[in-house]
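Student: I'd like to learn how to read a structure like this one. Could you walk me through it, feature by feature?

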Amino acid sequence: MAKGPNEKKGAKIFKTKCSQCHTVEEGGAHKQGPNLYGFFGRQSGQADGYSYSAANKKSGIIWGEDTLFEYLENPKKYIKGTKMVFAGLKKPADRNDLIAYLKKSCSA
């Protein structure tokens, strides 16, 4: 029987693959990438004070589990012209674990 997403594994993935460019806490700083607090259910390119690529702002994507699952596999393919320089997470389980972590840590 397959287990559901593992938030602890997701936290580890965030720390090793995402935290050099992103923060998750409320009021956290923008780094090379935007602070991710509150991004679930929000349209891409909307965090105040962060300079997004035109491609990201114009994409019209609403961030949720489905859109994140696709985006995190290959960001440059999903939003052509994004300035995110992350190659992506190829394993579906890794993406689900990361999404579970983000959902908890980026929500009010």
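Predicted model: local features only at pLDDT ≥ 70, side-chain atom pairs only at ≥ 80, totals over all residues.

Student: Is Ala54 buried, exposed or partly exposed, and what is its relative accessible area?

Tutor: Ala54 has a relative accessible area of 44%, so it counts as partly exposed.

Student: Now helices. How do I read which way the residues of a helix point?

Tutor: Here's the general idea: an α-helix has 3.6 residues a turn, so residues three or four places apart point the same way. Now try helix 1, where the buried residues are Gly10, Ile13, Phe14 and Cys18. Looking down the axis of helix 1, you find these buried residues within an arc of 105°, so they line one face of the helix. Lys8, Lys12, Lys15 and Thr16 are exposed on the other side of helix 1.

Student: What do the buried residues of helix 1 pack against?

Tutor: They pack against helix 5.

Student: How do I describe two helices packed like that?

Tutor: Two packed helices are described by the angle between their axes and the distance between the axes. For helix 1 and helix 5, the angle is about 95° and the axes are 7 Å apart. Angles of 65 to 115 degrees count as roughly perpendicular, so helix 1 is roughly perpendicular to helix 5. On the helix 1 side, the contact is made by Glu7, Lys9, Gly10, Ala11, Ile13, Phe14 and Cys18. Helix 5 brings Asp94, Asp97, Leu98, Ala100, Tyr101, Leu102 and Lys104.

Student: How many nonpolar, polar and charged residues does the contact of helix 1 with helix 5 have?

Tutor: Sorted by class, that contact has eight nonpolar residues, one polar and five charged.

Student: Let me try helix 3. Which of its residues are buried?

Tutor: In helix 3 (residues 65–73), the buried ones are Thr67, Leu68, Tyr71 and Leu72. Down the axis of helix 3, these buried residues fall within an arc of 120°, so they too line one face of their helix. What covers them includes helix 4 (75–78) and helix 5 (92–105).

Student: Last topic: aromatic rings. What do I look at?

Tutor: A pair of aromatic rings is described by the distance of the centres and the angle of the planes. Counting rings whose centres lie within 6.5 Å, there are five aromatic pairs. One of them is Tyr50 with Tyr52: the ring centres are 4.7 Å apart and the planes are at 75°, so the pair is edge-to-face. Tyr50 is buried at 15% relative accessibility, and Tyr52 is buried at 14%.

Student: What about the rings of Tyr71 and Tyr78?

Tutor: Their centres are 6.0 Å apart and their planes at 70°, so that pair is edge-to-face. Tyr71 counts as buried at 7% relative accessibility, whereas Tyr78 is partly exposed at 27%.

Student: Which residues do ring pairs link into a cluster?

Tutor: Trp63, Tyr71 and Tyr78 are linked that way.

How values were computed:
Residues numbered from 1 in each chain as written. Heavy atoms only, no water. Buried < 20%, exposed > 50% of the residue type's maximum accessible area, 1.4 Å probe, protein only. Helix = DSSP H or I, 4+ residues; strand = E, 2+ residues; numbered from the N terminus. Arc of directions from axis to C-beta. Contact = heavy atoms within 4.5 Å. Axes fitted to C-alpha atoms, helices over the stretch in contact; angles between N-to-C directions. Parallel < 35°, antiparallel > 145°, perpendicular 65-115°, else oblique. Nonpolar A, V, L, I, M, F, W, Y, C, P; charged D, E, K, R; others polar. Phe/Tyr/Trp six-rings, centres within 6.5 Å; stacked < 30°, edge-to-face > 60°.
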